[in-house]
Amino acid sequence: MKCTAAWSYHPYVPYDVYEKAAAPHIVLLEPGYDRVTLEWVAEDEKCRVYYALEGLNEYESVEAAGDRLTVTGLKPYFDYKIVVEDEKGRKSFERLFKTGEYPGTVVNYLHPRDRVYDFSGRHTCSPSIVRLESGRLLVSMDIFDGNAPQNLTLVYYSDDEGATWHYLTDIFPCFWGTLFMHKHELYLIGISTEYGDVLIGKGDEEGHFGTPTVLLRGAADPKEPGPHRAPVVIHEEAGRLWTAIEYGSWTKGRFAMGVFSCDAEGDLLDVDNWHFTGFLPYNKSWPNAYPIAGAIEGCVVTFPDGSLKDVMRVGENTGLWLGLDKNDPDALPKFEKFVELPFGHTKFEIRRHRSGKYIAVGNRLPRRTELSVFVSDDMEHWELLGDVENKAEYPLDEVGFQYPAFIMEGDTLLIAVRSAFNGAENFHDSNFINFYRYELRL
């Protein structure tokens, strides 16, 4: 077996089950009301798909040519198991899905009892979205679970404006990754695992990502402090790319806040072109401080007066402004103030519209059953424009549409969402990533 320093795999197979490497691998599930679409990677052109109600061994099967199939005529709101077998008799790992309602367009799905990604986790998380110069859309997501390794990112593509999605590649190890374009090239910045090493790599449309560059070493232990982020915005200002980063851990009950930046004209894979501000500890004695361990998942934004700030998630209707020195990438962020922010209790994104107005996508209270779009002229006073998704009639502890990532094309928002619905373990531990288009009415 050859050694490799690659970052992308098609798909990644842990070495303790490497005997499965040549077998088919189900890499996409898209359940619907009475159907499921699946996609797989296999050496043989022809495969047979077997499916049955979970808990029963009365399988039905269908022969398939190619790597994608839609099975119809299933019972709505039932749990199923499904396997792909090739012509040599090699079988994929068994996968699970539940039929029924799934809002938006499903990019990919993971049943909470599906153990295929146990080496990383059991829930879909951390979506990111980007459009390539070819017009292709990419959506990435990672696989997480509490106290799990959390080290796998999956990438999917659409060539029909998000109507259908296909598997592209696995990225391993990678967690909390942001896909972005810079100077006609595709990049991914993330962390190797929760509180692990900060990594950046360059990819292509075919899903090949080379060896990543390490920007900062981490703890790689969920119990110890290390780098923390989400798929937050990569923002260009003053000839540099800026993105938020924190340092800490939930188990230690504290987070400090900082920003990474890179010379926009430099080689993004050269660590010498990167700087970080260091980390400003959260101070509960700041005026009007919110009583938490630390602000997280910041969004770097250029304000109307030209200043650069990191706008942080804090708590109910509350955000935090940290001032950045755009001429000194080593300068520590400075506390400015806590502000009223109607989406400040969960991860949000803010981008500037061509009109000069600011557009934000995030959750409005009470929790995560409502994902909304907001507009502001000054970054301080926000108006609700409408909902991307609203399932307020469902229990708050069961349903969530959260962690939005979006790109803005004219007056159209293309949004990837981490979603918990129809059988998720709870509102937080989501079971699919979905896609929406939202038209602005400014």
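How many positive and negative side chains does the chain have, and how far apart do the centres of the two sets lie? The chain has 44 positive and 69 negative side chains, with the two centres 2 Å apart. For that tally, Lys and Arg count as positive and Asp and Glu as negative, while His and the chain ends are not counted. Each charge is placed at NZ of Lys, CZ of Arg, CG of Asp or CD of Glu.

Keep in mind that this is a predicted model: local features need pLDDT of at least 70, side-chain atom pairs count only at pLDDT 80 or more, and totals for chains, interfaces and linings use all residues. Residues are numbered from 1 along each chain as its sequence is written, and side-chain values use heavy atoms, with hydrogens and water left out.

**The whole chain**
- You'll find 0 helices and 34 strands here (DSSP runs numbered from the N terminus: H or I of at least four residues for helices, E of at least two for strands).
- The radius of gyration is 22 Å, close to the 22 Å from the globule rule for 442 residues, so the chain is as compact as a globular protein of that length (the radius is taken over C-alpha atoms, and the rule is 2.2 Å times the number of residues to the power 0.38).
- Picture the C-alpha atoms filling a box of roughly 65 × 50 × 40 Å along the principal axes.
- Of the 442 residues, 59% count as buried (buried is under 20% relative accessible area, exposed is over 50%, and partly exposed is in between, with a 1.4 Å probe and protein chains only).
- Among contacts between residues at least 6 apart in sequence, 54% join residues at least 24 apart (a contact means heavy atoms within 4.5 Å).

**Cysteines**
- The disulfide count is 0 (the cut-off is a pair of cysteine sulfur atoms within 2.5 Å).
- Cys262 is in no disulfide, and its nearest cysteine sulfur, in Cys174, is 17 Å away; Cys262 is also buried, at 0% relative accessible area.
- Cys299 is buried too, at 1%, and its sulfur is 17 Å from the closest cysteine sulfur, in Cys125, which is too far for a bond.

**Two residues to look up**
- Lys2 sits in the segment before strand S1 (8-9) and is exposed, at 79% relative accessibility.
- Lys2 and Gly400 are 398 residues apart in sequence, and their C-alpha atoms are 43 Å apart in space.
- Arg254 belongs to strand S21 (residues 254-263) and is partly exposed, at 48%.
- Leaving out residues up to four places away in sequence, Arg254 touches Pro225, Tyr247, Gly248, Ser249 and Ala293.
- Arg254 and Pro281 are 27 residues apart along the chain, with 8.3 Å between their C-alpha atoms.
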